[in-house]
Amino acid sequence: MKILGIRNTKSYTNIPYKGKKNDYIQAEAFCLGYDDKISSARREYIREHFETRLFGSEYGEKYNGRLEEYELKKLIGSLVGCKVSQDTIKLDLKAPKQKHVNSINLEESLQRGDASKINRELMANVYAYNVSPIWGSESYRGAMCDINKENLAALKQAGIKRIIDLAGYCSEDMCKEAGLEYLSYPMGKAFYKSKMFTDKDDIVRTNTRLYDEILGMDENSVKKAVNDALEVYEKHKQADIERFISFIQTMQKDNVYIGCELGTYETDTALMFNYLFNPEAKNTPSCIKPSSLITFGRIKNLYKNLTAENKKELGWDEEFDKNFIPKLKAIEKSYGY
């Protein structure tokens, strides 16, 4: 018997050839296999990884949360102290002792005096996509689309104290009811349109051209129009910077669960800004994706727009300020820019 499709737990799915939507596989050359043990095992593998494969084919890198075998071994090795190379075949690991996640409660943790520590085992009770620790901190990243009262309670029990919502799936009332702090800081497509990423000279140049060359206004009218535009720009720019500072200050408090729709794309952006602007961040430049380098011009504008008082609120010292632009240039150079 020829198998042309498999049934997932939620829907019947014909696997499309070369990722084309609604292009059902009819040719024998592209069938999934036959009713034998090998083909059955292959179909079980597809079922197990169906959602990840679907997100990867429809949305590209944005929702690809799976790691290659070497990356996975390297990640596990970093947690247990094993050195991993490209030639590593098997990790020298001892099987961890199994412990029921409910056997450790938050009260016992508080009595030991480590209330700021996250209970990694209790984090297993958070049922959401791509939940993973932010290295060098007691914070986690993950999806917000699955966040409900049960997951908020699980986060609270594990030691999370505050939520940063990058996609608008949660609410302050929900978090307050769960005993968690809440910050809404959207980082979607409109994020880089913020005035804090715009250079003042660009505002002057653009509006001068609009009112002088295009609309043909007299000199005094052009000056007034440009000054009005600058006044609006300064107002919005400062409001945007204040919200950005609140985001960095919340990350500095630690014990944060930061999430976007599926815990991958916008959280990458958030961790990049945290690495660049937070002097207390301990993660590495690896949180910066090559595709993010196109935003470095805007990031330089943000740096230029920060006042001395803003930098003080961010916790910068003279050395951090002095090394900011060289750090950006070093990252660009490492990617061949």
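In this structure, a predicted model, Asn 278 touches Ile 248, Met 251, Gln 252, Phe 273 and Phe 320, leaving out residues up to four places away in sequence; contact here means heavy atoms within 4.5 Å. Asn 278 is found in the loop between α9 (265-277) and α10 (296-305), and it is buried, with a relative accessible area of 3%. Its side chain makes a polar contact of 3.0 Å with that of Gln 252.

The model is predicted, so local features need pLDDT of at least 70 and side-chain atom pairs count only at pLDDT 80 or more, while totals for chains, interfaces and linings use all residues. Residues are numbered from 1 along each chain as its sequence is written, and side-chain values use heavy atoms, with hydrogens and water left out.

**Cut-offs for contacts and exposure**
- A polar contact is a pair of N or O atoms within 3.5 Å; within protein, one must be able to donate a hydrogen and the other to accept it, and residues adjacent in sequence count only if both atoms are side-chain atoms.
- Buried means under 20% relative accessible area, exposed over 50%, and partly exposed in between (1.4 Å probe, protein chains only).

**Overall architecture**
- The protein has twelve helices and nine strands, taken as DSSP runs numbered from the N terminus (helices H or I, at least four residues; strands E, at least two).
- Of the 337 residues in the protein, 37% are buried.
- Among contacts with a separation of 6 or more, 61% are between residues 24 or more positions apart.

**Nonpolar cores**
- The largest nonpolar core has 39 residues, of which Phe 247, Phe 273, Leu 276 and Phe 277 touch the most other members; such a core is a set of buried Ala, Val, Leu, Ile, Met, Phe, Trp, Tyr and Cys residues joined through side-chain atoms within 4.5 Å.
- Two or more residues of this core come from each of α8, β9 (256-260), α9, α10 and α12, and α9 gives the most, with seven residues.
- Leu 276 is in contact with Ile 288, Ile 299, Phe 320, Phe 324, Lys 327, Leu 328 and Ile 331, setting aside neighbours within four places in sequence.
- A second, separate core of 18 residues includes Met 144, Leu 155, Leu 180 and Tyr 257.
- In α10, the buried residues are Phe 296, Ile 299, Asn 301, Leu 302, Tyr 303 and Asn 305; their cover includes α8, α9, α11 (308-313) and α12 (318-334).

**Salt bridges**
- The whole structure holds 15 salt bridges, each a side-chain nitrogen of Lys or Arg within 4 Å of a carboxyl oxygen of Asp or Glu.
- Arg 141 and Asp 268 form a salt bridge with their closest N and O atoms 2.9 Å apart. Arg 141 lies in strand β6 (residues 139-143) and Asp 268 in helix α9, so the pair ties together parts 127 residues apart in sequence. Both Arg 141 and Asp 268 are buried.
- Lys 149 and Glu 177 form a salt bridge at 3.8 Å between the closest N and O atoms. This pair links helix α5 (residues 149-158) to helix α6 (residues 172-177), 28 residues apart, and both Lys 149 and Glu 177 are exposed.
- Asp 321 in helix α12 and Lys 311 in helix α11 are ten residues apart; their salt bridge has its closest N and O atoms 3.1 Å apart. Lys 311 counts as buried, at 15% relative accessibility.
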